[in-house]
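Morning, everyone. I have one structure for you today.

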Amino acid sequence: MSVPAFMRALQQTSFNGPQDLRMITDAPVPVPGRGEILIRVTAGGINMADISQAYGTFRGGPQPPYIAGFEGVGEVVIPSEG
């Protein structure tokens, strides 16, 4: 299975809430490190932590702009190397 260089993703652009989520098509596909895997996400979920992060109230969360989402399901495309 080939892995593309770019992916679609939801990017949070501010701490003004989920209304500032934007679909982008040029997010670089992450390269998994040691002990990590790469998953081709087929479905994602939104939960209270995502909403808190979108408003900047999630402790230790990233600063905008960031790729949003905590939950997802899909298939492993690059397994862990150990």
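Which pattern does the protein chain follow, read along the sequence? The answer is β-β-β-α-β-β. Keep in mind that this is a predicted model. In total, the protein chain has 5 strands and 1 helix.

Now the overall dimensions. The C-alpha trace spans about 40 × 25 × 20 Å along its principal axes. The protein chain has 82 residues, and 18% of them count as buried.

Next, contacts. Take those between residues at least 6 apart in sequence. Of these, 61% join residues at least 24 apart.

On to the aromatic rings. How many aromatic pairs does the count come to? It comes to 1. The partners are Phe58 and Phe70, with ring centres 5.2 Å apart. Why is the pair called tilted? Their planes stand at 45°, so the pair is tilted: that angle falls between the limits of 30 degrees for stacked and 60 for edge-to-face.

Where do the two sit? Phe58 is in the loop between helix H1 (48-54) and strand E4 (66-67). Phe70 is in the loop between E4 and strand E5 (71-78). They are 12 residues apart, and the pair links distant parts of the chain.

Last, charges. The protein chain carries 5 positive and 7 negative ones.

Terms used
Residues numbered from 1 in each chain as written. Predicted model: local features only at pLDDT ≥ 70, side-chain atom pairs only at ≥ 80, totals over all residues. Heavy atoms only, no water. Phe/Tyr/Trp six-rings, centres within 6.5 Å; stacked < 30°, edge-to-face > 60°. Helix = DSSP H or I, 4+ residues; strand = E, 2+ residues; numbered from the N terminus. Buried < 20%, exposed > 50% of the residue type's maximum accessible area, 1.4 Å probe, protein only. Contact = heavy atoms within 4.5 Å. Lys, Arg positive; Asp, Glu negative; His and termini not counted. Charge placed at Lys NZ, Arg CZ, Asp CG, Glu CD.
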